[in-house]
Amino acid sequence: MNSAGKTPPPPYFNIDPKAAAEKLSDPITTTRFAKAAAFAAKGRDDLAKRGYMPDGQKRLRRFSTWEVCRYLIPVAPAHFRRVLKSNPDLPQGTGESGSKWFSLDDVLRLRDHFAEEGVSTREYRPYRPENAAAKTVAVANFKGGVGKTSTCAHLAMSAALDGYKVLVIDLDSQGSMTSIMGGDVNDEWQTAFPLLAKHFATHLQAENQVREAAGQPPLPFDETLTEALNFDAKQVIQSTHWPNIDLIGAQLNLYWAEFQVPVWRMQSRGWPLWDALNGFLESEGLLDEYDIIFLDTPPALGYLTINALSAADILLVPLGASFLEFDSTGRFFDMLYSTFASIEEGENAMRRREGLDEVRFEWDAVRALITRFDAGQQADLANVIQAYFGDFMTTYRQDFTAMVGQAGEQVSGIYEADYREFNRDTYVRGREAFDRTWAEVKELILGAWWRDVNMPDTHEADTPGPDSPGPDKQRMEE
């Protein structure tokens, strides 16, 4: 209270315009943005390298005998030690006496040994049917800040710990996933952009052959398309500090694809712009080379996200337990319906005229999952969201723990954190936040694979539901 015994007025009363003007800097020009961006880039590099080694490289930590036996290989610690002792050619780990630590490469080798010599009723190697294509999982929501990249990164790491060979494709020009995976991307030619361009260039090449046969002039190839034709996926795929995770990274210039894709479509109306990502996954053999492909999408329903959704077998939609995120996610589903229904309508009108079978977009499964969950404050609203989305929801709600928060500060995943830096119970709870999410997603992947092999004609059903089955995302049966 002031000397007169009255509460002072709010701070926005009695503002002196002249004094306020004197506090302002000179008018801001565009060069000031460049300065701010330069400072941010330096800060980003400094922060990102918190999880790096002194030589500037990111390396995956080793795993203790306790972790290997509890999380990675289903075997009792005593038996594990006996097997190592009787097989000196196997990785023996590093460290003194009983405290042994193993690289993930070591763990993968040990898995193979137990698969050959261990109990036949236990699963040592991850399930994937022979000759089945990789499953592609897109993590998408056009609302930012919902835990999209964190969820995608941890699912990729979970799959890798299970022994799957994983490809992560970062389609968000912010490049957060690329930072987590330790990627180095200098320009758009080290992103998915040249592979999208190659898909269009290949289409244009085929169209020009038709035009030539009809005596029509060819459609022009610019320098970008000419260079893209000679491009190979291996030129953009990077190894990471995880031995079985590869990366196609992203950086700011990838956003140029949002402008270039519609230009290509205008140049050739017959080009299926939504199929470019799936097209190069197939044509470059990536669906055979990898077990699971994870797509991290931009927080917008642009052309890159549409390509990711079209390529996906499984769509995961993270959201927080708040009204705004629930409302935004509902609108996201509405936009997905209108976008893909519109593509189907336009494409099928043309295909009916030409006597071709119609196209139908399908996904093996779609699930919304609640992230950053606080059971003490958000349980009621989470229950409401669960009731409205029904079987579109995962059953587990991803808790936000201290370990998850620290991992975000370190630009790394919880699986990369050394449990000795935490209380053991804290570590177990932190892992559970993503272990249980992975368990539900893995169940979807394995179920979809099994159905592909054992019920291959399921996707031909006339009345698809929200989880319409089928091994492919988009059926275009010629």
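Lys165 lies over the face of Tyr290, at 5.1 Å from the ring centre; a charge is said to sit over a ring if NZ of Lys or CZ of Arg is within 6 Å of the ring centre and within 35 degrees of the ring normal. This is a predicted model, in which local features need pLDDT of at least 70 and side-chain atom pairs count only at pLDDT 80 or more, while totals for chains, interfaces and linings use all residues. Residues are numbered from 1 along each chain as its sequence is written, and side-chain values use heavy atoms, with hydrogens and water left out.

Because Arg431 and Asp435 are four residues apart in helix α17, about one helical turn separates them. Helices (H or I, at least four residues) and strands (E, at least two) are DSSP runs, numbered from the N terminus.

By the salt-bridge rule, the count comes to 21 salt bridges. One of them joins the side chains of Lys135 and Asp364, at 2.7 Å from N to O. This pair links distant parts of the chain, since Lys135 is in strand β3 (residues 135-139) and Asp364 is in the loop between β9 (359-361) and β10 (365-370), 229 residues apart. Lys135 is buried, with a relative accessible area of 1%, and Asp364 is buried with a value of 5%. Asp364 also meets the side chain of Arg451 in a salt bridge, at 3.6 Å from N to O. Here again distant parts of the chain are linked, with Arg451 in helix α17 (residues 424-454) and Asp364 in the loop between β9 and β10, 87 residues apart. Which residues make up the network of salt bridges that holds Lys135? The network links Lys135, Asp364, Arg451 and Asp452.

We turn now to the aromatic side chains. A pair of aromatic rings is described by the distance of the centres and the angle of the planes. Rings of Phe, Tyr and Trp (its six-membered ring) pair if their centres lie within 6.5 Å, and planes under 30 degrees apart count as stacked, over 60 as edge-to-face and the rest as tilted. By this rule the count comes to 28 aromatic pairs. Among them is the stacked pair of Phe114 and Tyr124, 5.8 Å from centre to centre with 25° between the planes. Phe114 lies in helix α5 (residues 104-117) and Tyr124 in the loop between α5 and β3, so the pair ties together parts that are 10 residues apart in sequence. Both Phe114 and Tyr124 are buried. Phe200 and Trp264 form another stacked pair, with 5.4 Å between the centres and 10° between the planes. Phe200 is in helix α8 (residues 193-213) and Trp264 in helix α10 (residues 257-267), so that distant parts of the chain, 64 residues apart, are linked. Phe200 is buried, and so is Trp264. Phi of Asn131 is near 70°, a positive value in a residue other than glycine. Asn131 has its place in the loop between α5 and β3, and at 76% relative accessibility Asn131 counts as exposed. Arg372, too, is a residue other than glycine with a positive phi, here near 50°. Arg372 lies in the loop between β10 and α15 (375-389) and is partly exposed, with a relative accessible area of 34%.

How values were computed. A salt bridge is a side-chain nitrogen of Lys or Arg within 4 Å of a carboxyl oxygen of Asp or Glu. Buried means under 20% relative accessible area, exposed over 50%, partly exposed in between (1.4 Å probe, protein chains only).
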